[in-house]
Amino acid sequence: MTTVEIAATGIAATGIAATEVPLGLPHWPAVPEPVDPTAATVLVLALGGHPRTAEVAGAWVREAEGRVPTRLVVADDLATGHDDVVAALDAVRIGVRIMVVGPQHDVLLTLARCRAHGASGAELRAFVVDAEGPTDLPVYCAHCRATHRLHGEPGGTAVCTGCARLLEIHPHHSAARGSFLASDTGTEPDDQVAA
Amino acid sequence: MSATLQPEAPVRYAAHQHAAYRTGPRLLRVAEVRALTTEVRHVVLVDPDGGHLAPYEPGAHVVLTTDPGGPGEKRNAYSLTDDGFNPRRYAISVLRREQGSAWVHGLAAGDLVEVEGPRSAFAPRHDQRHALLVAGGIGVTPVLSHARAIVRWGGSAEVLYSYRPGHAAHLDDLRALAEREDVTLHEATTVAATAALLADRLADQPLGTHAYACGPVPLLETYVDAARAAGWPEHRVHLERFTAPELDPGVPFTATLASTGERLAVPPGTSLLEALLATGRAVPNLCRQGVCGECEVPVRRGAVEHRDLVLSDAAKECGDRMLACVSRAARADDDIEVDL
């Protein structure tokens, strides 16, 4: 299996030539990746209540638990599941493969949390249930300097819930922060609505 | 027993202009020689003018010219044992093994020695959250350097030291470091205990740990196998070798020099490095056993049988470079075009 480290996001994907990888953006596999056969343990993080999340997490757990010690942590939302995720990351040992599934917003922030705990791209796998089209994303506003949950897509616009500016969501993702960079379009949100 | 600086010695790393940042060949004075065990001597080198020396990353080494001008003249690499921060001394610990190390054992305070470096080939990774440091025998020297740097900069480490009782250089230093809360020392004195300890400790390291090992080949093989068994990704498993396995003489092949078109015959038992040096080409080299990486040459064409312990699997697969001291053509009578 060839594993390619994706620039900027560090999400590992398989079977993709490096030249095809869009720089600065997460690349989501079309189908869930298999459990790494070299793993000593597996931690599955299932985020959100989407039915596909439960399906993918269940498949990963079934695949892994026959081979290695496997733990499943379910977090319906990031706020209530925060402590469980952190406790699981504190408990894992090198040799673990962390497999994250859920909507982009939760998965990107959780991957950043995993990295903050010391996980590297080779130890992370991710699958998102909302890969196509505009969706909720973690967006870092360059003006109010905070990360917000905004609906949109890279290259599109969204109104900042912190400073009310109309932001352009840049195709520039930070693996460390988990968020996309966004900055003022220079137009008022109302102007755009009127247009 | 003092060296004179060889005027033609090439300065490989043009460094900072301040004298304290010199890393090219220069003479340093022996300040202290101390026996750590019956076979290991600790040698401290200082600037003859009393100045600062170039700082170095933990795990770095210096290259000493042993027996300069004599029949046993050789350049030997020795790991530095301090943390490398703003040094006024370079300390090495040398196991008496062959002519070069025997010459070092004969040094006395006041002698001048030609030293090149420090050179970093076994540095800590910058994303390291915690370190598992594994030392076997005299492989303790770079491990001690890593441990001291971790203590200086406030990290945490587990040190695993495998040694023969009565022959453990720097055991007192490691035990002193382990009195701190953030450093743990595990000791093993048999092969079986070392293997069991390796398996146990590799299975219990927190996320973000990097492992580093230096020691004899069997210990490093056990370490790599145990790390693989414990599911460690390769990029977290680091090692430094100071010996290499014996190699067979290899197949005959030819090497074409891209600059001149000249073709060199390389018979079995002769390395490409020796063939190149025989033509008068100044190919840098040091260990001549595929361990140090000094004699890497660019390859333009031809399939290479890589027999070194330096290049990564990806670099070997890429096929654009080879270590001239050990690697050869993949098949007998093949031609390799080197970019020299």
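## Strands of chain B

Val33(B) stands opposite Val43(B) in strand E2(B). This pair belongs to a predicted model. Strand E1 of chain B covers residues 26-35, and strand E2 of chain B covers residues 40-46. E1(B) and E2(B) run antiparallel and are joined by six bridges. Four residues lie between the two strands, and together E1(B) and E2(B) form a hairpin.

E1(B) also pairs with strand E6 of chain B, residues 112-119. Here too the sense is antiparallel, with four bridges. In this pairing Leu28(B) stands opposite Val113(B) of E6(B).

## Domains of chain B

Chain B is divided into three parts: domain 1 (19-119), domain 2 (130-241) and domain 3 (253-338). The centres of domain 1 and domain 2 of chain B, taken over C-alpha atoms, are 24 Å apart. Each of these two domains of chain B gives 17 residues to the contact between them.

On the side of domain 1 of chain B, Thr81(B), Asp83(B) and Phe85(B) supply 32% of the area buried against domain 2, more than any other three residues.

The two domains of chain B are linked by three salt bridges. The side chains of Glu39(B) and Arg164(B) meet in a salt bridge, with 3.3 Å from N to O. Across this interface of chain B there are also eight residue pairs in polar contact. E2 and strand E5 (90-95) of chain B each supply at least two residues of the domain 1 side. By class, that side of domain 1 of chain B has seven nonpolar, seven polar and three charged residues.

## Where chain B meets chain A

The contact between the chains takes 15 residues from chain B and 19 residues from chain A. Together chain B and chain A bury about 1,200 Å², of which 54% is on carbon and sulfur atoms. Arg129(B), Leu207(B) and Gly231(B) supply 45% of the area that chain B buries against chain A, more than any other three residues.

Two salt bridges are counted between chain B and chain A. Arg236(B) and Glu123(A) meet through their side chains in a salt bridge, at 2.7 Å from N to O. Nine residue pairs are in polar contact across the interface of chain B and chain A. The side of chain B that touches chain A is made up of seven nonpolar, five polar and three charged residues.

Technical notes. Residues numbered from 1 in each chain as written. Chains lettered and ligands numbered in written order. Predicted model: local features only at pLDDT ≥ 70, side-chain atom pairs only at ≥ 80, totals over all residues. Heavy atoms only, no water. Contact = heavy atoms within 4.5 Å. Buried area = accessible area lost by both parts, 1.4 Å probe. Salt bridge = Lys/Arg side-chain N within 4 Å of Asp/Glu carboxyl O. Polar contact = N/O pair within 3.5 Å; in protein donor to acceptor, adjacent residues only side chain to side chain. Nonpolar A, V, L, I, M, F, W, Y, C, P; charged D, E, K, R; others polar. Pairing = 2+ DSSP bridges. Domains from an automatic or database assignment.
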